[in-house]
Amino acid sequence: MDQEFHRIKRLPPYVFAEVNAMKAKARAAGEDIIDLGMGNPDQPTPPHIVEKLIEAATNPRAHCYSQSRGIPGLRKALAGYYRRRFDVSLDPEDEVIVTIGSKEGLANLAQAITSPGDVILSPDPSYPIHAFGFIIAGAAVRSIPACPDEEFLRALERGVRHSVPKPVAVIVNFPSNPTAMVATLDFYKDIIAFCRKHDIFVLSDIAYCEIYFDGNPPPSILQVPGAKDVAVEFSSMSKSYNMAGWRIGFAAGNPRLIKALARVKSYLDYGAFTPIQVAATAALNGPQDCVEQIRTMYRQRRDVLIEGLHHAGWMVPSPPASMFAWAPIPPAFSHLGSVEFAKLLMQEARVAVAPGLGFGEHGDGHVRIGLVENKHRIRQAVRNIKGFLQRQGAGVSLESEIGRVMDRPVI
């Protein structure tokens, strides 16, 4: 009876556990740890959304079981969002489903479409559920580059040529967690053309599509003509509306994939609490100035962080989107790897960050820094980091490092 369960054996130890345990111990001892590790919004949900939740919760009928696929009004609201934001038409009945956060949707779709031994193409580094949702479902995951460029497309070709059996699906995530990279519509066109040719599904994650700073808003893969033949896209209320704890997300696109996800969910849940779905409907249909305010807040925090780190000698690329900076480990500490460097940063600078190894083996040369504290706390974190680098003799000049780091890819 001591034998480890089969699916558990396929999951490696949780990379973030050591850092989290160290953070908890330090805080229990009264130390002030500035936590920039978890992507957890620190601001409240906009008042009009909370007010709608309260209003809906006073209705006794709202406390019954909800609908696993999501209430009709919320599915229509998501279709309306896609029409306004991306000029994409969706059928709320067949092409939209509400999920309990995008993470649940990704994991349950993996269960729905995966047979043991199926091959899935997943970026490395990437959000852990992208790969591990399929690993839990019994798939074999083949890593591909995380950059939206020609190398990604060449990796798709190699994946089809060398994988037995042929890959079932490929995952794309832009703006990316953790790298913050953004894809173009032309890149998506190439992905869709390739996957339609080879009969491969595309699972797109755009949870951060409203948190962008430079240039045009990030596109949706469903904007590509014919995308719904092979693609489904996951989005979330968590970041755009500061609703992370509410656990509301969506999948939209290919009707066959939506139907498969709905079938699995019908056995597993009764959907999110109805008042939460009503409030989410109000968020999508209501005034959107709160989204712009959230976007502006993250932009300001990004600028404080990046400018401060540059002055400290740590040349971290400025993220064009998302609520994270993907920071290459300073050369003096590169031999440590991301877990040990993150632990050292917490011990010496009292700043918690996420080790890049937690997002895949190719992330081990980076740490992810979240924009999840106010500007005052971020400035304090930067001062602490600057002091740490100076004590270690690791501070480097802006002139010597800016060309070396800023002109190279993020990963």
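This is a predicted model: local features need pLDDT of at least 70, side-chain atom pairs count only at pLDDT 80 or more; totals for chains, interfaces and linings use all residues.

1. Helix α7 (residues 150-162) and helix α8 (residues 185-198) have axes that come within 11 Å and cross at roughly 10°. Because angles under 35 degrees count as roughly parallel, α7 is described as roughly parallel to α8. From α7, the residues Phe 152, Leu 153, Leu 156, Glu 157 and Val 160 meet Phe 187, Asp 190, Ile 191, Phe 194 and His 198 of α8, and by class this contact comprises seven nonpolar, one polar and two charged residues.

2. Helix α2 (residues 17-28) packs with helix α12 (residues 337-349) at an angle of about 10°, the axes being 10 Å apart, which means that α2 is roughly parallel to α12. On the α2 side the contact is made by Glu 18, Val 19, Met 22 and Lys 23, and on the α12 side by Val 339, Ala 342, Lys 343, Met 346 and Gln 347. These residues divide into five nonpolar, one polar and three charged.

3. The structure holds three cavities of 30 Å³ or more, and the largest cavity has about 90 Å³ of space. Its lining consists of 13 residues, of which Tyr 81, Ser 235, Ser 236, Ser 240 and Tyr 241 lie nearest the centre. The elements that contribute two or more residues to this lining are α4 (72-86) and β7 (231-236).

How values were computed:
Residues are numbered from 1 along each chain as its sequence is written. Side-chain values use heavy atoms; hydrogens and water are left out. Axes are lines fitted to C-alpha atoms, for helices over the stretch in contact, and angles run from 0 to 180 degrees between N-to-C directions. Helices (H or I, at least four residues) and strands (E, at least two) are DSSP runs, numbered from the N terminus. Angles under 35 degrees count as roughly parallel, over 145 as roughly antiparallel, 65 to 115 as roughly perpendicular and the rest as oblique. Contact means heavy atoms within 4.5 Å. Ala, Val, Leu, Ile, Met, Phe, Trp, Tyr, Cys and Pro count as nonpolar, Asp, Glu, Lys and Arg as charged, and the others, Gly among them, as polar. On a 1 Å grid over the protein atoms alone, a cavity is a set of points where a 1.4 Å probe fits but cannot get out, and a pocket is an open set with protein on both sides within 12 Å along at least five of seven lines; lining residues have an atom within 4 Å of a point. Grid points are joined across faces, edges and corners, and a volume is the space filled by probe spheres set on the points.
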